[in-house]
Amino acid sequence: MAGIGTQLRAIRLQWGLSLREVEERSFSLAQECGEPTYQISGSWLARVERGKHELTIPKLISLATIYNLPPEELLRQCRPGGAALPHSNQFQGQGPNTTLLLAKGPLEEQARYLLPDGFSSDLPPEETTLLPPEDGMQPSQYRRAIIGRRDRTLDPMLRAGSIIKIDTQKRAIQWRKDWANEFDRPIYFLLTHAGYVCGWCELDRDSIWLTLVTHPLSHAASQRWRYRKEVEVIGRVVAGAMRFVA
């Protein structure tokens, strides 16, 4: 355990997290996993970082999860073989407060999956296309699609060739009060009689008509369909990768 307190403090500062923020994240993790021993207090962590307190395995697992560290990097210092980190979909979205160059860990794995080194330089297709599930993958609530050259609905915010990730369990159209700016505004992936399209959506008060709202710089025309009769909401876009250079 020698030196681990100093190492943990350096990692926390690199992530731009205060002791209180680590405490809050550990509380969320403990609640989600149903494991109270994952909870960490700020004062306790301060003592650990100063070498004034011993670090238990559950607390180490919690910190490794919060700091996006592979289990072996910290757990091997406590016992041979390490331990599995808890799986938490909620926690995957809680990144650092500062910008980091990813080198390892779950966040780097997610980034490499979304933006592989062999990112295709081929021209995007004419039409927006829903990509087939990968061979050998377990059924998932997520699907991926590529924005076609004719789909200028959210251009230049979402350009042709962008790869998007769609949560097929999030199909409800949110109302205006649920978002504050265009980057918070939900993006939906739709299937119409003419094919797939991706963009912002609005429902009328009676939920009869769904309107596809375009980006003001796209110069594309808005479209409207009868909700659930002429258009199907495949899901909400939750992530994406966009090319900046050819």
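How many bridges join strand S1 to strand S2? I found 2, between residues 129–130 (S1) and residues 142–146 (S2), and the two strands run antiparallel.

**Ground rules**

I am working from a predicted model, where local features need pLDDT of at least 70, side-chain atom pairs count only at pLDDT 80 or more, and totals for chains, interfaces and linings use all residues. I number residues from 1 along each chain as its sequence is written, and side-chain values use heavy atoms, with hydrogens and water left out.

**Strands**

I took helices (H or I, at least four residues) and strands (E, at least two) as DSSP runs, numbered from the N terminus. Two strands pair if DSSP finds at least two bridges between them. I looked up Leu130 and found its bridge partner in S2, Ala145. Next I followed S2 to strand S3 (residues 163–167). S2 and S3 pair in the antiparallel sense, over 5 bridges. Here Arg143 stands opposite Ile166 in S3.

**Helix H3**

I then turned to H3, residues 42–49. For burial I used relative accessible area: buried is under 20%, exposed is over 50%, and partly exposed is in between (1.4 Å probe, protein chains only). Of the 8 residues in H3, 6 are buried, and the helix is mostly covered. The buried ones are Gly42, Trp44, Leu45, Ala46, Val48 and Glu49.

What covers them? The cover includes helix H1 (4–14), helix H2 (19–33) and helix H4 (57–66).

Glu49 has a relative accessible area of 8%, so I log it as buried. I listed its contacts (heavy atoms within 4.5 Å). Not counting residues up to four places away in sequence, Glu49 touches Gly5, Thr6, Leu8, Arg9, Arg12 and Leu19.

Just after H3, I noted Gly51 with a positive phi of about 75 degrees.

**Nonpolar cores**

I counted a nonpolar core as a set of buried Ala, Val, Leu, Ile, Met, Phe, Trp, Tyr and Cys residues joined through side-chain atoms within 4.5 Å. The largest core has 17 residues. Leu8, Val22, Leu45, Leu55, Leu63 and Tyr67 touch the most other members. H1, H3 and H4 each supply at least two residues of this core. H4 gives the largest share, 4 residues. Another core, of 14 residues, lies apart from it, with Leu158, Ile166, Ile234 and Val237 among its members.

**Rings**

I searched the whole structure for aromatic pairs and got 1. The rings of Phe189 and Tyr196 have centres 5.2 Å apart and planes at 25 degrees, so the pair is stacked. My cut-offs cover rings of Phe, Tyr and Trp (its six-membered ring): centres within 6.5 Å make a pair, planes under 30 degrees apart count as stacked, over 60 as edge-to-face, and the rest as tilted. Phe189 is buried at 0% relative accessibility. Tyr196 is partly exposed at 28%.

I also checked for charges over rings (NZ of Lys or CZ of Arg within 6 Å of the ring centre and within 35 degrees of the ring normal). Lys59 lies over the face of Trp44, 5.9 Å from the ring centre. The charged end of Arg224 sits over the ring of Trp209, 4.0 Å from its centre.

**Salt bridges**

How many salt bridges does the structure hold? I got 7, each being a side-chain nitrogen of Lys or Arg within 4 Å of a carboxyl oxygen of Asp or Glu.

Arg20 bridges to Glu24, with the closest N and O atoms 3.4 Å apart. Both lie in helix H2, 4 residues apart, about one turn of the helix. Arg20 is exposed at 54%, and Glu24 is partly exposed at 41%.

Arg149 and Glu126 meet at 2.8 Å, N to O. Arg149 is in the loop between S2 and S3 and Glu126 in the loop between helix H6 (106–114) and S1, so the pair ties together parts 23 residues apart in sequence. Both are partly exposed, Arg149 at 38% and Glu126 at 35%.

Arg150 forms a salt bridge with Glu127, with the closest N and O atoms 3.0 Å apart. Arg150 is exposed at 60%, while Glu127 is partly exposed at 39%.
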